[in-house]
Every structure is written in structure tokens, then in C-alpha cells.
Amino acid sequence: MERFRNLSRRLAAVLSDEIFVNQLKKVESLVAKVLSIAMVIVLLVSVVDLCIYLANEILSEPYGFFATTLIEIFGLFLNVLVALEILENITAYLKKHEIQVELVIATSLTAVARKIIIFDFAKADALELAALSLAVVALSIGYWVIRRTNRRLRQP
């Protein structure tokens, strides 16, 4: 019976809110580190893929001209930039252990801008364009509000 009491006391101590929250923070930190390593791998592979793609485009017939449109090439570049932004989000989380909403919204704006740049007007309808427009407006307003709020909080 004494063993059971000791075990239950130890279990209660381990499951106390403070210890439990500390363990959760360690798990969050570990997950963020694993995600950052995975994102670095994705970035490196994406950059190598982009370089190979560009080399094939430049060296293909006719030499020195792109066989595909520049819009497709810009889309590949923007993919890398969005991945860099996501890595920056993870890095910022590891530094401060809080999600930085301003950075997340900026990343979202970059992703939507990428979508607009590679938008195929021939295949898409007006509803898709309206949805992208609404996303840009909503994200822009959100970014402005967050940035303004953050600026006010930083001022003495």
C-alpha cells in the first residue's frame, strides 16, 4: 500500500501543471527544431532543382533563350522565397517561443503574391481572381493592423 502511495505522489508531482507545461515546451522546441532541419533540406533541394531547371532551360534549343515562360521560372523562385519565409517563421519561434503573427502574415502575402504572379488567366475564372483579391486585401489589412499595434507597443 505504501508503494502505491509513493507512486501516486510521484505521478502527481510529474503531472503537476508547471512540470507538465515545461515538458510540453520541450516537445514544442524539439518539433520546431525537427521542422527547421526538414525545411533546410527542402530549401537545399529546391535550390538545386531550380539551378538544374535553369541550366536545362538556358542550354536547350535555341541556346540562351527560355523554352518556358518567365512566369513559370518566377514561380520557382518564389517557391524558394516562400520556403525561406517559413524557415524564418520557425527560427523566430525558436528564438522567442511565440508565434510572430506579423511574420506569418508577411509569409502569407508572399505566397498569395506568388499565386497571382503565376495566375493563368486563360484557365481560371473570375471567382478565383476575386478570391485572390479578397485574400490580398484581408492579409494587407491584417498586416497593417498588426504592424501598427506592434509599433505602438514598442514605443515608450
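Patches here are built from residues with over 30% relative accessible area and no salt bridge, joining like charges within 9 Å and nonpolar side chains (Val, Leu, Ile, Met, Phe, Trp, Tyr) within 5 Å. A salt bridge means a side-chain nitrogen of Lys or Arg within 4 Å of a carboxyl oxygen of Asp or Glu.

What you have open is a predicted model, where local features need pLDDT of at least 70, side-chain atom pairs count only at pLDDT 80 or more, and totals for chains, interfaces and linings use all residues. Numbering runs from 1 along each chain as its sequence is written, and side-chain values use heavy atoms, without hydrogens or water.

**Stop one.** Select Leu-11, Val-14, Leu-15, Ile-19, Phe-20 and Leu-24: together they make a nonpolar surface patch with about 540 Å² of accessible area (Shrake-Rupley, 1.4 Å probe, only the protein chains shown as cover). Two or more residues each come from α1 (2-14) and α2 (17-59), helices being DSSP runs of H or I with at least four residues, numbered from the N terminus. Helix α2 gives the largest share, 3 residues. Now pick Phe-20, in α2; at 43% relative accessible area, Phe-20 is partly exposed (between buried, under 20%, and exposed, over 50%).

**Stop two.** Jump to His-97, in the loop between α3 and α4. His-97 isn't a glycine, yet has a positive phi of about 55°. Its relative accessibility is 47%, so His-97 is partly exposed.

**Stop three.** Carry on to α4 and show Glu-102, Leu-103, Ile-105, Thr-107, Val-112 and Arg-114, which are buried.

Notes:
Buried means under 20% relative accessible area, exposed over 50%, partly exposed in between (1.4 Å probe, protein chains only).
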